[in-house]
2 protein chains.
Amino acid sequence: MSIRIGILGYGNLGRGVECAIRQNPDMELVAVFTRRNPEDVTILTETAAVCSIADAADWKDKIDVMILCGGSATDLPVQTPEYAKMFNVVDSFDTHAKIPEHFANVDAAAKEGGHIGIISVGWDPGMFSLNRLYANVVLPEGKDYTFWGKGVSQGHSDAVRRIAGVKDAKQYTIPVESALEAVRSGENPELTTRQKHTRECFVVLEEGADAARVEEEIKTMPNYFADYDTTVHFISEEELKANHSGIPHGGFVLRSGVTGWEKENKHLIEYSLKLDSNPEFTSSVILAYARAAYRLHKEGQTGCKTVFDIAPAYLSPKSAEELRAEML
Amino acid sequence: MSIRIGILGYGNLGRGVECAIRQNPDMELVAVFTRRNPEDVTILTETAAVCSIADAADWKDKIDVMILCGGSATDLPVQTPEYAKMFNVVDSFDTHAKIPEHFANVDAAAKEGGHIGIISVGWDPGMFSLNRLYANVVLPEGKDYTFWGKGVSQGHSDAVRRIAGVKDAKQYTIPVESALEAVRSGENPELTTRQKHTRECFVVLEEGADAARVEEEIKTMPNYFADYDTTVHFISEEELKANHSGIPHGGFVLRSGVTGWEKENKHLIEYSLKLDSNPEFTSSVILAYARAAYRLHKEGQTGCKTVFDIAPAYLSPKSAEELRAEML
């Protein structure tokens, strides 16, 4: 029998989950829940229902795992605890500083409902977190580095779009190659924000807007750009659409450490991702953890989990025997 | 209270474990067990005992985890089941084809003794296996690649040393950069053995040996060299000692895959290791899993486990709260 999946929220991430379900033969999409009028939402999967989010509770016994595809700022802090009372849930909550609080809320709700809630699943937090943990335990004496990009930052793109005179914009975060090379060489450099990443903006101006003023506003924007070397390109709307409509991302997690009685031997662990579609990759990670949520619940476990709490074998459709024979 | 560690077998791996214990403040080395006369074995840790392997059973209650540092060919298939009856054990069994059989033997013995046995821990099998599994579950449609090196292969070095006229030798396995690049580009190439790795040998000849005959014997040796492009360098004993006495290794695990309704988006996951000391890095991985063995045993679990069966949080000395706050 397939694992019956529900999707709550049908934006880029929800569509990504829908696509990923097609690549996992042990899963099926049962229903998509939306805040919009369901009649206005067209999905790709012919066999699945489109429902109002208000009717989600009616699906309690027809869905094994509900994937929560809302945003971390306002949706998930409310939705994940709420739906963990009714369903096994997986979310991609990515506000790092608020993870302990979110964990506690989801844990209480999931235990109350007798369900599993897996939070902060994706690539960062997610696969990058796992790699930080594994690298730290195998090299207890060392230094961690995370670089992001090259990729589109949604938050930074939005910040540029809010500037008066900007019609549309895309922002790329780019790791500094020489900083990466310094880490790989085992130099253990101390790197400032500016030394690790540069930012590149492609901006479409409103008719008659002052390019120099817009560029100045971008480059001096606190938190977002002021601490970085930022390049601004003004382009046409057509060019933005033609060359910058994708949502690529990626990055690098490195740990450089030493072993030996006199710490005489150096080691470098590097993990990297190069992704054409950030939301589709995130969705794909989420589904692997949906499989784990389903299995943990079947075993009678309840409460909140993160990627740190889940043995890798739970993620795979293969049996333990197959995994040992084929992948170990 | 510290986790009390025993080391069984004091070669490169045993010494590596001894060094790594110093880097893990929650562990202490209690005793080293050797087949040699204990009086002839000098270890680095002043506070630990050196004992005959025949006396290991006397330490049943004084050691929390016994690290088995013998070889995969003949030692571990016998030792791991034998000692899993008396101790929690971790080994680095790396004969991939025989893992299912080894697992079954260790599982029966560990359950009989009420202990945990974690097998095939290190980097391949070990960290590379984990990366193959994680990459496969997040990209169900894709292609796997493992490259080894640049590094010293002990088995291939030994094979060269067995040739008549060879006094000493070191063999390096080297990944072919253009093949790696083809994988990274998303071309999903089909690669033959010869296209993935080259082999380089540094050979010291016995007085009067025929270099041309030795080179021919190396290059045509079935399984070891015949399927590869092999370069042979004849050097002096001094040069071998000066430039080739280390045991570096490393490698790459890549998965290239697609997502999207029409499989239109490409993704690349890459994990790599660059190690100055193969046995010390392996030892360091083993100790992280020794911590897991200790904890699983405390929880009352028994039987054989692999890296696939162990949730990452078990490997870290940090609490679940610390891990979520600092690494997620």
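**Notes on the two-chain model**

1. Let's start with helix 8 of chain B (residues 211-219), where B:Lys219 and B:Glu215 sit 4 residues apart, about one turn of the helix. Helices here are DSSP runs of H or I with at least four residues, strands are runs of E with at least two, and both are numbered from the N terminus. The two side chains form a salt bridge, N to O at 2.9 Å; that term means a side-chain nitrogen of Lys or Arg within 4 Å of a carboxyl oxygen of Asp or Glu. B:Lys219 is partly exposed at 33% relative accessibility, and B:Glu215 is partly exposed too, at 24%. For these labels, buried is under 20% relative accessible area, exposed is over 50%, and partly exposed lies in between (1.4 Å probe, protein chains only).

2. A word on the ground rules. This is a predicted model, so local features need pLDDT of at least 70 and side-chain atom pairs count only at pLDDT 80 or more, while totals for chains, interfaces and linings use all residues; side-chain values use heavy atoms, with hydrogens and water left out. Residues are numbered from 1 along each chain as its sequence is written, and chains are lettered from A and ligands numbered from 1 in the order in which they are written.

3. There are 38 salt bridges over all chains. One of them pairs B:Lys167 with B:Glu237 at 3.0 Å, N to O. That pair ties together distant parts of the chain, with B:Lys167 in strand 9 (residues 166-175) of chain B and B:Glu237 in helix 9 (residues 237-243) of chain B, 70 residues apart. Both ends are partly exposed: B:Lys167 has a relative accessibility of 43%, and B:Glu237 has 36%.

4. Over in helix 3 of chain A, A:Lys111 and A:Asp107 are 4 residues apart, about one turn of the helix. They form a salt bridge whose closest N and O atoms are 2.9 Å apart. Is A:Asp107 buried or exposed? At 16% relative accessibility, A:Asp107 counts as buried.

5. Helix 3 of chain B (residues 99-113) has 15 residues and reaches 21 Å from first C-alpha to last, close to the 21 Å expected at 1.5 Å a residue. The expected span is 1.5 Å times one less than the number of residues. Its buried residues include B:Phe103, B:Val106 and B:Asp107. Part of the cover comes from the other chain: helix 11 (320-326) of chain A contributes, along with helix 2 (75-84), strand 6 (116-118) and strand 14 (303-305) of chain B. Just past the helix, B:Gly114 has a positive phi of about 75 degrees.

6. Now the pair of chains. Chain A superposes on chain B by a rotation of 180 degrees with 0.0 Å of shift along the axis (RMSD 0.0 Å), so the two copies are related as by a two-fold rotation axis. Which residue of chain A comes closest to the rotation axis? A:Ala311 does, with its C-alpha at 1.9 Å. Both copies use the same surface, as 99% of the contact residues of chain A recur in chain B.

7. Contact means heavy atoms within 4.5 Å, and by that rule 68 residues of chain A meet 67 of chain B. The chains bury about 6200 Å² between them, 62% of it on carbon and sulfur atoms. Buried area is the accessible area (1.4 Å probe) that two parts lose on being put together, summed over both. A:Gln23, A:Trp261 and A:Leu328 supply 15% of what chain A buries against chain B, more than any other three residues.

8. How many salt bridges are there between chain A and chain B? The count is 0.

9. A:Leu133 belongs to helix 4 of chain A and counts as buried, at 0% relative accessibility. Its contacts, leaving out residues up to four places away in sequence, are A:Phe308, B:Pro312, B:Ala313, B:Ser316, B:Leu323 and B:Met327. A:Phe308 is 175 residues away in sequence, with 8.1 Å between the C-alpha atoms.

10. Last, helix 10 of chain A: 18 of its 21 residues are buried. Those 21 residues should span 30 Å at 1.5 Å a residue, and the end C-alpha atoms are 31 Å apart, which agrees. Just after this helix, A:Gly300 takes a positive phi of about 95 degrees.

Methods
Least-squares fit on C-alpha atoms with pLDDT ≥ 70 in both.
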